[in-house]
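I opened this notebook to keep a record of what I looked up in one structure, entry by entry. My notes follow the order in which I checked things.

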Amino acid sequence: MNKYETTSKTIIKYALDIEADKAVYINKAERENIYKCFECENEMSIVRGDKNQWHFRHKVESDCTGGKESALHKLWKQIIVENNEMKIPGGTLVYLNPKEEKKFEFDPRKPDVTALLPNGKYVYFEVIYTNAVEKDKREFYKKEGLHSLEIDLRGLLNGTNYSDEEWKHIILNEVWGKRKIYWDETEKEEVQLVSNQINFNEPIKEKELISPSTNNYIENEKVSNWQNRIFVIAITILIFVISFLLFKRHFKRY
Ligand SMILES: [Zn+2]
């Protein structure tokens, strides 16, 4: 018996797909792909038995715990990058063209995710997974006046081993751990439409939701204005015609 069999080993649920450069959940892993450990970078094999929980195992026996936090940090960024909207306290934030770890043009720092707001301004996401909260980075966002959000998921790291789908739900549909770092409340255009709805102290209300359909809503409003005008013109013409006919009939009698 070797020493590892007696220790309660961490069940490793995520590994790095080297080719795709993605954190992959064990249930989605494919045999033909190569997976590496987030911690020690050694190769992992897929273990899918009937008896055991499905997991990744180091090909060469090791007591490495698999780097769960790094794996999840990678996964969370992936989730933000692969989507275009997320619930935030008081509303839904719509963002476009998200990119992972893109360097600022004017600073060597890298936000976790950089995206665009519907008005063309940048929005930055920071997903927090360690205790080392970068205070310096936060100050930077505030000082530069950059729209930025912090998603602090540390409280969800212990205990449950969430699947990738569960994390996706938490990040996109829950407001858990989300806070603004800096948000310009005075700005006009679409950003105001979104940011005015953000009250980070209040729980979310369904009726306050702003979604990509907001633009459609504005379009619809324009359409219905036109419809109203046409209706008023039609009624006016109708009244005019009726009056004319009545008038004509009245004079025919004499
Ligand atoms: Zn490892």
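Before anything else I wrote down the rule for burial: a residue is buried if 20 or more other C-beta atoms lie within 10 Å of its own, exposed if 12 or fewer, and partly exposed in between. I also noted that this is a predicted model.

**Entry: Asn 119**

I applied the rule to Asn 119, which I found in the loop between β9 and β10. Asn 119 has 14 C-beta neighbours inside 10 Å, and therefore it counts as partly exposed.

**Entry: the chain overall**

Of its 254 residues, 25% count as buried. When I looked at contacts between residues at least 6 apart in sequence, I found that 57% of them join residues at least 24 apart.

**Entry: helix α1 and its cover**

I turned next to α1, which has 14 residues and reaches 20 Å from its first C-alpha to its last, close to the 20 Å expected at 1.5 Å a residue. Its buried residues are Ala 71, Leu 72, Lys 74, Leu 75, Trp 76, Lys 77, Gln 78, Ile 79 and Ile 80. What covers these buried residues? I noted that the cover includes the strands β1, β2, β8, β9 and β10, together with the helix α3.

**Entry: how α1 meets α3**

I reminded myself that two packed helices are described by the angle between their axes and the distance between the axes. For α1 (residues 68–81) and α3 (residues 164–173), the angle is about 60° and the axes are 10 Å apart. That angle makes α1 oblique to α3. I also recorded that α1 passes α3 in a right-handed crossing. On the α1 side, the residues in this contact are Leu 75, Trp 76, Ile 79 and Ile 80, and they meet Asp 164, Trp 167, Lys 168, Ile 171 and Leu 172 of α3. By class, I counted seven nonpolar, no polar and two charged residues in the contact of α1 with α3.

**Entry: helix α2 and Tyr 141**

Is helix α2 buried or in the open? One of the 10 residues of α2 (residues 135–144) is buried, so this helix lies largely in the open. I looked up Tyr 141, which is found in α2, and it counts as buried because it has 21 C-beta neighbours inside 10 Å. Leaving aside neighbours within four places in sequence, Tyr 141 is in contact with Tyr 124, Leu 146, Ser 148, Ile 181 and Tyr 182. The C-alpha atoms of Tyr 141 and Trp 183 are separated by 9.4 Å, while the two residues are 42 apart along the chain.

**Entry: positive phi values**

I kept in mind that most residues other than glycine have a negative phi. Just after α2, Gly 145 takes a positive phi of about 65°. Asp 21 is a residue other than glycine, yet its phi is positive, near 55°; Asp 21 lies in the loop between β1 and β2, and with 10 C-beta neighbours inside 10 Å it counts as exposed. Asn 97, also not a glycine, has a positive phi near 50°. I found Asn 97 in strand β8, where it counts as exposed because it has 10 C-beta neighbours inside 10 Å.

Technical notes. Residues numbered from 1 in each chain as written. Predicted model: local features only at pLDDT ≥ 70, side-chain atom pairs only at ≥ 80, totals over all residues. Axes fitted to C-alpha atoms, helices over the stretch in contact; angles between N-to-C directions. Helix = DSSP H or I, 4+ residues; strand = E, 2+ residues; numbered from the N terminus. Parallel < 35°, antiparallel > 145°, perpendicular 65-115°, else oblique. Left-handed = near helix turned anticlockwise from the far one by under 90°. Contact = placed C-beta atoms within 7 Å. Nonpolar A, V, L, I, M, F, W, Y, C, P; charged D, E, K, R; others polar. Expected span 1.5 Å × (residues − 1).
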